[in-house]
Amino acid sequence: MDKTVAVVGGGVAGLAAAAALNQLGYRVLLYEKEAFTGGNVRNWDRLFPKARNAREVVDELASSLTGLTEIATGTFVNSVKSTDGLFEIESSGRPAYADAVLLTTGFELFDARKKEEYGYGIFENVITSADLEKMFASSGKPLMADGSEPKKVAFIHCVGSRDEKVNKPYCSKVCCVTAVKQAVEVREALPECEVYNFYMDLRMFGTGYEQLYKEAQVKGVNFIRGRLSEANETRTHQVMIKAEDTLVSRPLQITVDLVVLMVGMSPAGSTMTILKSLGLLGNEDGFAGIANAHTGSTLTLKKGVFVAGACSGPANITDSVNEARAAALRIHQYLGGV
Amino acid sequence: MADFGYSLVKSGKTDLDTAGNALARSVSEAEPGFNLCIACGCCVATCSAGRFTNFGFRELIHRIKRGEEKLMIAEAEKCMLCGKCTLVCPRNINTRNIVLLIRKHAIIKGL
Amino acid sequence: MKQEGKRSIWNDYQKEIADDKFYYVRSCIRQNFFPGSETAFLKILREVLEKDVFDDRHHTTCTGIGYHAEVVPLETTMTVVGRNFALMKEAGYQNYVPSCVTSFGIYTEILDSWHHFPEVEARARENLDKATGRTFEIPGNLAHTSDIIFKFRNEIAAKAKYMLVNKTTGKPLRVVDHIGCHYAKMFPQKGIGGAEYPYVLAGMVEAWGGEVIDYPERRHCCGFGFRQYLVKANRGYSISCSKKKFESMEPEKPDFIIANCPGCAYFLDRWQYALAEMEGKTYGEDGHGIPSLTYEEVAGLVLGFDPWELGLQLHQVPVESLLKKMGVAYDPESKFRGANGEDLGQPESPLNLKFYE
Ligand SMILES: Cc1cc2nc3c(=O)[nH]c(=O)nc-3n(C[C@H](O)[C@H](O)[C@H](O)COP(=O)(O)OP(=O)(O)OC[C@H]3O[C@@H](n4cnc5c(N)ncnc54)[C@H](O)[C@@H]3O)c2cc1C
Ligand code: SF4
Ligand code: SF4
Ligand code: SF4
Ligand code: SF4
Ligand code: SF4
């Protein structure tokens with residue numbers, strides 16, 4: 001068998017798919033626009049639900065690749081042309097051909113500056129969940145702009161999700177549990193620091209997530225059911241935030257040292273461009289369209305083109321990796337291996 | 001009737017079997033956004049009227065849906081139609097129109 | 001505060017503003033609150049900038065207060081608005097310039113609803129036709145008077161006699177800007193700088209040498225809100241709103257407040273008096289209040305208009321502290337003299353708010 005599969009995107013989904021395809025005997029061309037594989041997960045510190053080190057996950061997946069995978073890092077895929085069942089990959093590198101294409105282009109973080117009223121990029125002490133992961137990785141704790149330790153931190157759920165004002169009506173799925181995880185981590189790193197989570201609904205869908213929520217309560221995290229209407233900077237560069245405490249039906253305000261915006265998952269820009277070049281469409285939220293939600297989540301409407309991971313909608317690592325492996329089997333079927 | 005020095009207490013629970021839904025129906029027919037609230041409370045947090053009264057737009061919607069029509073028609077009077085809630089509502093609900101429709105219903109029905 | 005962040009948002013909210021041939025529309029309250037503001041606006045446009053501004057004696061206000069107080073139904077308001085548009089067409093103008101923020105909000109909202117519901121526009125046309133036989137055209141450009149002054153802020157700066165700079169220290173004056181709710185909160189795209197960090201007044205202050213300062217309750221309503229103010233029993237909410245703002249801006253030690261809505265400038269001025277008398281609390285320097293001005297008054301001062309000609313004697317919080325900081329020449333003696341020099345007498349001094357030096 002001498003068939004080649006092009007995998008576009010070297011995040012956890014792309015890595016897991018490439019490894020599975022190798023095991024099934026396929027040559028894989030793995031494209032990654034960045035200098036390293038691992039995708040967004042490379043930027044996380046410890047993962048929910050059990051605080052596993054994120055690098056470890058990436059390394060495990062990367063080390064399961066065999067010599068059958070050729071990794072093209074620093075190579076951006078612009079488009080894919082299909083002629084008679086053969087796919088031509090147009091990238092910033094040399095042109096190449098493949099017998100099937102798997103899109104694992106993943107997601108991009110919502111640009112928090114678009115929620116102007118929360119002041120990201122304007123107020124000193126407003127950061128995103130991704131910024132906080134970097135702080136955990138570099139110093140093990142959250143820090144204010146002046147380098148000091150915060151005494152009060154607020155996590156704001158649903159920033160750039162469930163919000164028609166920024167054209168992101170969907171739920172990003174992982175940010176509730178990420179917020180709860182990070183809240184626990186702040187309490188552990190700075191036991192004197194008060195933590196408040198402002199949520200609309202706590203969507204704890206995965207195994208171990210509800211337990212994490214309870215752990216946060218045990219550790220003294222305050223949960224306030226209300227969505228922020230605005231944030232304002234004070235003279236001392238603290239942030240005053242306003243919400244309704246909907247459980248007691250009263251407007252509420254609090255001044256905190258650090259605000260963490262739980263930014264949602266937005267479709268990666270190139271997903272749509274590549275789909276279009278193949279004559280395919282995205283779904284209503286701008287992620288890759290799939291054949292059907294129950295039994296065809298890795299198939300597209302075009303034979304030979306497959307999707308996996310967060311490029312078809314918000315997903316955690318578990319689901320991204322599982323989908324990637326499922327896609328490998330589907331590709332195996334398509335290429336006549338079964 | 002006999003007075004034994006105590007009286008019967010009326011249940012305070014919402015009884016959806018008997019609650020009135022005329023107001024909720026007339027408003028939601030004219031403004032389907034009425035049904036889209038996710039109870040996030042943003043409107044209340046930003047409301048100019050709610051800071052100093054116990055008025056809240058979120059509660060207004062949900063209590064109308066629970067049949068508290070008379071009380072909520074009076075509550076709707078407190079809205080100043082400033083539109084700040086429209087600016088923040090994540091479901092893009094035309095909040096001001098809802099208040100106007102509540103008042104319109106009250107006038108038409110003579111409530 | 002990271003200034004670059006704010007600037008990038010300002011860049012996202014640009015708005016087209018006509019540069020000549022304006023059809024000017026009056027506010028119902030502003031002539032009484034701050035009569036000099038309107039005169040200053042017309043004088044700046046006509047004499048300083050040499051623009052064509054038409055002030056039509058047949059036009060009326062937008063009925064906004066009546067609409068917000070629910071004595072005028074929206075349909076009537078739309079017909080009245082249609083009539084003003086018809087008058088503009090008859091006068092041969094296209095650029096509609098309302099001077100009240102609430103009016104601006106009403107026009108924006110009505111144009112938006114006509115755009116989305118043509119049948120509503122058709123009904124307004126029919127009503128207007130039945131009532132007056134007139135027909136209207138949708139304005140080519142709709143801009144608030146503050147948009148116009150914003151547009152010409154640099155021209156005004158080029159002719160400035162005084163800057164918003166403290167003459168003694170050489171430092172920029174610290175200015176708190178307050179934007180009327182209806183300017184951009186309903187339609188952020190229609191306001192310069194959007195709803196969260198409006199640039200319309202900040203741009204003027206910057207161009208004229210001052211420094212805009214932020215404070216936590218910057219976005220909060222001044223409290224005028226017709227329904228709150230018109231009913232006396234509700235006035236407590238109104239003054240409490242203003243108090244919240246004063247308390248929040250006080251630590252910033254602002255030199256003055258600038259507002260783009262007649263209601264806001266007025267209430268931020270008068271409530272300081274009421275708060276001083278009710279609670280003995282003042283928010284400016286040693287017993288003084290914080291002067292609260294309209295942008296036209298500020299533009300007028302910058303251009304060297306006489307403060308009393310600008311009507312600044314009508315402020316409850318005296319503006320002399322500001323005049324001194326800017327180095328504006330003025331005659332204290334003529335503060336309370338009529339146009340013909342006649343002595344109008346001196347107002348009684350409030351108990352707690354310093355009125356005379
Ligand atoms: C703040 C935050 C914390 C999270 N924490 C956890 C956690 O603790 N546990 C958990 O299970 N999940 C977590 N997640 C979710 C997790 O990040 C995703 O499940 C995972 O990243 C999805 O992997 P992916 O490979 O599908 O996409 P990505 O990680 O987005 O990888 C896609 C890759 O494709 C590349 N690419 C895109 N377009 C092109 C192109 N045109 N050419 C070449 N390369 C391209 C990108 O550079 C990227 O490397 C978190 C998410 C967020 C936002
Ligand atoms: S997972 Fe939670 S925080 Fe994220 S969008 Fe959904 S509800 Fe909001
Ligand atoms: S609402 Fe009552 S029953 Fe439910 S978790 Fe809280 S205390 Fe328990
Ligand atoms: S329109 Fe009414 S409900 Fe909405 S913020 Fe204004 S006063 Fe509150
Ligand atoms: S802001 Fe909108 S969705 Fe949120 S509670 Fe108010 S009406 Fe409901
Ligand atoms: S700030 Fe006050 S006067 Fe100005 S528009 Fe708002 S309510 Fe009206």
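**Interfaces, ligand shells and buried residues**

Author: Start with one pair: the side chains of Glu109(C) and Arg96(B) meet in a salt bridge, at 2.1 Å from N to O. Keep in mind that this is a predicted model.

Reader: Which element gives the most to the side of chain C that touches chain B?

Author: For polar contacts, the rule finds 1 residue pair across this interface, both at pLDDT 80 or more. Three helices of chain C each supply at least two residues to the side that touches chain B: α4 (64-68), α12 (226-230) and α13 (235-249). The one that gives the most, with 4 residues, is α13(C).

Reader: How does the side of chain C that touches chain B divide by class?

Author: Chain C puts 21 residues into the contact, and chain B puts in 17. On the side of chain C, they divide into 7 nonpolar, 6 polar and 8 charged.

Reader: What share of the area buried between chain C and chain B comes from carbon and sulfur atoms?

Author: The size of an interface is often given as the accessible area lost when the parts come together. Between chain C and chain B, that area is about 1600 Å². Carbon and sulfur atoms give 58%.

Reader: Now chain A and chain C. Which residues in chain A lose the most area to chain C?

Author: Here 18 residues of chain A are in contact with 17 residues of chain C. The buried area is about 1600 Å², with 46% from carbon and sulfur atoms. Three residues together make up 43% of what the chain A side buries. They are Glu116(A), Ile122(A) and Arg235(A).

Reader: Which residue meets Arg235(A) in a salt bridge?

Author: The rule finds 2 salt bridges across the interface of chain A and chain C. One is a side-chain pair at 3.0 Å, N to O. In that pair, the partner of Arg235(A) is Glu252(C).

Reader: Which element gives the most to the side of chain A that touches chain C?

Author: Between chain A and chain C, 10 residue pairs are in polar contact, both at pLDDT 80 or more. Two strands of chain A give two or more residues to the side that touches chain C: β15 (230-233) and β16 (239-245). With 4 residues, the top contributor is β15(A).

Reader: On to ligand 5. Which elements each supply at least two residues of the shell around ligand 5?

Author: The residues around ligand 5 include Cys37(B), Cys40(B), Cys42(B), Cys43(B) and Cys89(B). By class, the shell has 10 nonpolar, 1 polar and 1 charged residues. The elements of chain B that each supply at least two are α2 (42-46) and α3 (57-65).

Reader: How does the shell around ligand 2 divide by class?

Author: Ligand 2 has chain A residues around it, among them Cys158(A), Cys171(A), Cys175(A) and Cys176(A). Both β12 and α4 of chain A supply at least two residues each. The shell has 4 nonpolar, 3 polar and 4 charged residues.

Reader: Is His144(C) buried or exposed?

Author: His144(C) sits in the loop between β4 (141-142) and α8 (145-151) of chain C. The relative accessible area of His144(C) is 0%, so the residue is buried.

Reader: Why is Ile179(C) called buried?

Author: Ile179(C) lies in the loop between β5 (174-178) and α10 (181-184) of chain C. Not counting residues up to four places away in sequence, Ile179(C) touches Pro198(C), Val200(C), Leu201(C) and Asn260(C). Buried means under 20% relative accessible area. Ile179(C) qualifies because its value is 12%.

Reader: Which residue takes a positive phi just after α3(A)?

Author: In α3 (residues 129-139) of chain A, the buried residues include Leu132(A), Met135(A) and Phe136(A). Their cover includes β12 (152-159) and α4 (175-189) of chain A. Just after the helix, a phi of about 75 degrees belongs to Gly140(A).

How values were computed
Residues are numbered from 1 along each chain as its sequence is written. Chains are lettered from A and ligands numbered from 1 in the order in which they are written. This is a predicted model: local features need pLDDT of at least 70, side-chain atom pairs count only at pLDDT 80 or more; totals for chains, interfaces and linings use all residues. Side-chain values use heavy atoms; hydrogens and water are left out. Contact means heavy atoms within 4.5 Å. Buried area is the accessible area (1.4 Å probe) that two parts lose on being put together, summed over both. A salt bridge is a side-chain nitrogen of Lys or Arg within 4 Å of a carboxyl oxygen of Asp or Glu. A polar contact is a pair of N or O atoms within 3.5 Å; within protein, one must be able to donate a hydrogen and the other to accept it, and residues adjacent in sequence count only if both atoms are side-chain atoms. A residue is near a molecule or strand if one of its heavy atoms lies within 4 Å of it. Ala, Val, Leu, Ile, Met, Phe, Trp, Tyr, Cys and Pro count as nonpolar, Asp, Glu, Lys and Arg as charged, and the others, Gly among them, as polar. Buried means under 20% relative accessible area, exposed over 50%, partly exposed in between (1.4 Å probe, protein chains only).
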